[in-house]
Amino acid sequence: MTQSLHPAAQKGFSLGAELYQQVRPSYPQDIAIWLQDRLQIGENSTVIDLGSGTGKFLPYLLQSKAKVIAVEPVAEMLQQLQHNHPQVKCIQASSDQLPLADASIDAILCAQSFHWFANIETLTEMHRVLAPSGHLGLIWNQRDTTVDWVKALADEIAPLEGDTPRYHSELWKQVFEHQQMFNFVELQTFQQKHHGTVEQVVSKRLLSTSFIAAMPVAEQQQLKAKFEQIVFDFTGLTAQDQIDFPYTTFAYHFQKAAN
């Protein structure tokens, strides 16, 4: 693999793969409809889930009956994926070096992943493997910071990010500014709530964030207590109380430009 992983991804996702699978939210069911209606994915399609992680996005692709190939560079994440989706073909590879034939793929999906490899080498490789007029979908679940306690949690986390690539920095958009390989089609947004205990869907979910998962355990536990205190201060809910964590899902649709 020619492309090196950001240290936060390599360490955080290696150490935190099991937690990631357990506590990360899934996606709104509307995404499955979006894949089929807007990206034209169906039973005759071959699609890549690029940066597939533990396979959180796979159920929505599998609903389309398409042939799905999961591509993920972190071995520990891939092990979780294979355990949960043994029927899916898996490839351990980086985004800029896909062991796939030219024009062999109908669509590429990057769910919660593109910010890690938003570079021209990846776009060039995506363009190579996509069929003419092939589709590219970039999807992110983002915490809804219009809610007061969610904003307070985001403010607590922000100083810890350092140079870790993040969706909300929008730096990933720069790779599309001076290229002729992909045309932007549309952005759709969806709302969802992740329901569970405060510990499960808030504090442990936040511990699965790459740069936090890479921290020493003692520091993680201090943060966990701080997250739960913030929720309590705003809502009166304790760690084992039920809560709805609100998310907005952003779904970007690009299409391969004509040569």
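**Close-up 1. Phe 114 and the residues around it.** Setting aside residues up to four places away in sequence, Phe 114 touches Thr 122, Leu 123 and Met 126, along with Leu 138, Trp 140, Trp 172, Val 175 and Phe 176. Keep in mind that this is a predicted model.

**Close-up 2. The largest nonpolar core.** Zoom out from Phe 114 and you get the largest nonpolar core, which has 30 residues. Which of its members touch the most other members? They are Ile 108, Phe 114, Met 126, Leu 138 and Phe 176. As background, nonpolar side chains tend to be buried together in soluble globular proteins.

**Close-up 3. The buried side of α6.** Look along α6 and you'll find Thr 122, Leu 123, Glu 125, Met 126, His 127 and Val 129 buried. What do the buried residues of α6 pack against? The answer is a set of strands: β1, β4, β5, β6 and β7.

**Close-up 4. Arg 166, a loop residue.** Arg 166 sits in the loop between α7 (148-157) and β6 (182-197). Is Arg 166 buried or exposed? Its relative accessible area is 15%, so Arg 166 is buried, the cut-off being under 20%. The side chains of Arg 166 and Glu 161 are joined by a polar contact of 3.3 Å. Leaving out residues up to four places away in sequence, Arg 166 touches His 115, Arg 143, Glu 161, Trp 172, Thr 209 and Phe 211.

**Close-up 5. Thr 197 in strand β6.** Thr 197 belongs to strand β6. Thr 197 counts as buried because its relative accessibility is 16%. Not counting residues up to four places away in sequence, it touches Val 202, plus Ala 239, Gln 240, Asp 241, Gln 242 and Ile 243.

**Close-up 6. Where α8 meets α10.** Packed helix pairs get described by the angle and the distance between their axes. Here the axes of α8 (residues 198-207) and α10 (residues 217-235) come within 9 Å and cross at roughly 135°. The two helices, α8 and α10, are therefore oblique to each other. Their crossing is right-handed. On the α8 side, the contact is made by Val 198, Glu 199, Val 202, Ser 203, Lys 204, Leu 206 and Leu 207. Facing them from α10 are Gln 220, Gln 221, Lys 224, Phe 227, Glu 228 and Val 231.

Definitions and conventions: Residues are numbered from 1 along each chain as its sequence is written. This is a predicted model: local features need pLDDT of at least 70, side-chain atom pairs count only at pLDDT 80 or more; totals for chains, interfaces and linings use all residues. Side-chain values use heavy atoms; hydrogens and water are left out. A nonpolar core is a set of buried Ala, Val, Leu, Ile, Met, Phe, Trp, Tyr and Cys residues joined through side-chain atoms within 4.5 Å. Buried means under 20% relative accessible area, exposed over 50%, partly exposed in between (1.4 Å probe, protein chains only). Contact means heavy atoms within 4.5 Å. Helices (H or I, at least four residues) and strands (E, at least two) are DSSP runs, numbered from the N terminus. A polar contact is a pair of N or O atoms within 3.5 Å; within protein, one must be able to donate a hydrogen and the other to accept it, and residues adjacent in sequence count only if both atoms are side-chain atoms. Axes are lines fitted to C-alpha atoms, for helices over the stretch in contact, and angles run from 0 to 180 degrees between N-to-C directions. Angles under 35 degrees count as roughly parallel, over 145 as roughly antiparallel, 65 to 115 as roughly perpendicular and the rest as oblique. A crossing is left-handed if the near helix is turned anticlockwise from the far one by less than a right angle, and right-handed if clockwise.
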